[in-house]
Amino acid sequence: MRQLPELSIAEKLVHTGFIFLVGLGLLVAEAYVYVTVGGKNGLTVQAVTQHYYGNRSSSTIQAALPRMMGFAGMPASEQPKMTEAVNHWIANGESKQEYASSIQPLIAGNCLKCHSVAMTKVLHNPPLASYDDVKKVAQVDTGMSVNTMLLNGMIHLTMLGVIFWIAGWIFSKARFPAAPKYVLIILPFIAMTVDFAGWFLTHQNPAFVWLVLIGGALSCPVALLEMFLSLIQLWVLKPRLAA
């Protein structure tokens, strides 16, 4: 089998185009996870745990309320009143009567600028325009739903499986010691499987979050390393002379 330095220019260009575009796509995907899951505090263990397990000590609206009030520009002196009203309403069974008397006026005056039906279509926030809307986010935050994990898994496993296969096939032609080459080729597949299993296990028990972190750290980053090493060999190493 010809190694990467011995390939034709056309073959090198095809492999290089794949490495640049897909490598950039994987870097963007890593940045997207960092921003959406980690947020302002970065991709911490706590952030990943909350993403899959949720914050089961409070509801979605209770967990988000401090941030929502800040974004709404609500005076600090009035924030405890709204927090207390929401906590009391949830603790007492989320009745329609208490919602109409205590919760609806506070939401109408402070939240609908971002959480009206029209604005939620733009900002992709949950609507808070009706009793049913607010009751929905008053449920305990259990993290990402199983349906969403299945959908994301279908997309991730299929797309990344193909990417890892092509990256591994290119790297299999690298001038590299056999044992570490085999490890680098198979590791992204194993790591993505561990990551995927970790989603569901963490959803049940936050102690399994380390599977998500380890799997995520060894899937796309190792594939990127394969592609980087392949790129170096394509254009830097000199072909071996035929015997």
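Where is serine 219 found? Hi everyone, let's start there. Serine 219 sits in the loop between α11 and α12, and α12 covers residues 220-235. Please keep in mind that we are looking at a predicted model.

Is serine 219 buried or exposed? Its relative accessibility is 3%, so serine 219 counts as buried, the cut-off being under 20%. Who are its partners? The side chain of serine 219 reaches the backbone oxygen of glycine 216 at 3.4 Å. If we set aside the neighbours within four places in sequence, serine 219 is in contact with Phe164, Pro188, Ala191 and Met192.

Now, on to the helices around that loop.

Let's take α10 with α11. Helix α10 spans residues 178-204 and helix α11 spans residues 209-218. Their axes come within 7 Å and cross at roughly 155°. Therefore α10 and α11 are roughly antiparallel to each other. The crossing of α10 past α11 is left-handed. Which residues of α10 and α11 make the contact? From α10 we have Leu187, Pro188, Ala191, Val194, Asp195, Gly198, Trp199, Leu201 and Thr202. From α11 we have Val209, Leu211, Val212, Gly215, Gly216 and Leu218. Sorted by class, the residues of this contact between α10 and α11 are ten nonpolar, four polar and one charged.

Next comes α10 with α12. These two helices pack at an angle of about 145°, and their axes are 8 Å apart. Here, too, α10 makes a left-handed crossing, this time past α12. On the α10 side, the contact is made by Leu184, Ile185, Leu187 and Pro188. On the α12 side, you will find Val222, Ala223, Leu225, Glu226 and Leu229. How many nonpolar, polar and charged residues does the contact of α10 with α12 have? There are eight nonpolar, no polar and one charged.

Pro188 takes part in the contact of α10 with α11, in the contact of α10 with α12, and in the contacts of serine 219.

One last stop: alanine 29. Alanine 29 lies in helix α1, residues 9-38. With a relative accessibility of 35%, alanine 29 counts as partly exposed, because that value falls between 20% and 50%. Along the chain, alanine 29 and cysteine 220 are 191 residues apart, yet their C-alpha atoms are separated by 9.2 Å.

Conventions: Residues are numbered from 1 along each chain as its sequence is written. This is a predicted model: local features need pLDDT of at least 70, side-chain atom pairs count only at pLDDT 80 or more; totals for chains, interfaces and linings use all residues. Side-chain values use heavy atoms; hydrogens and water are left out. Axes are lines fitted to C-alpha atoms, for helices over the stretch in contact, and angles run from 0 to 180 degrees between N-to-C directions. Helices (H or I, at least four residues) and strands (E, at least two) are DSSP runs, numbered from the N terminus. Angles under 35 degrees count as roughly parallel, over 145 as roughly antiparallel, 65 to 115 as roughly perpendicular and the rest as oblique. A crossing is left-handed if the near helix is turned anticlockwise from the far one by less than a right angle, and right-handed if clockwise. Contact means heavy atoms within 4.5 Å. Ala, Val, Leu, Ile, Met, Phe, Trp, Tyr, Cys and Pro count as nonpolar, Asp, Glu, Lys and Arg as charged, and the others, Gly among them, as polar. Buried means under 20% relative accessible area, exposed over 50%, partly exposed in between (1.4 Å probe, protein chains only). A polar contact is a pair of N or O atoms within 3.5 Å; within protein, one must be able to donate a hydrogen and the other to accept it, and residues adjacent in sequence count only if both atoms are side-chain atoms.
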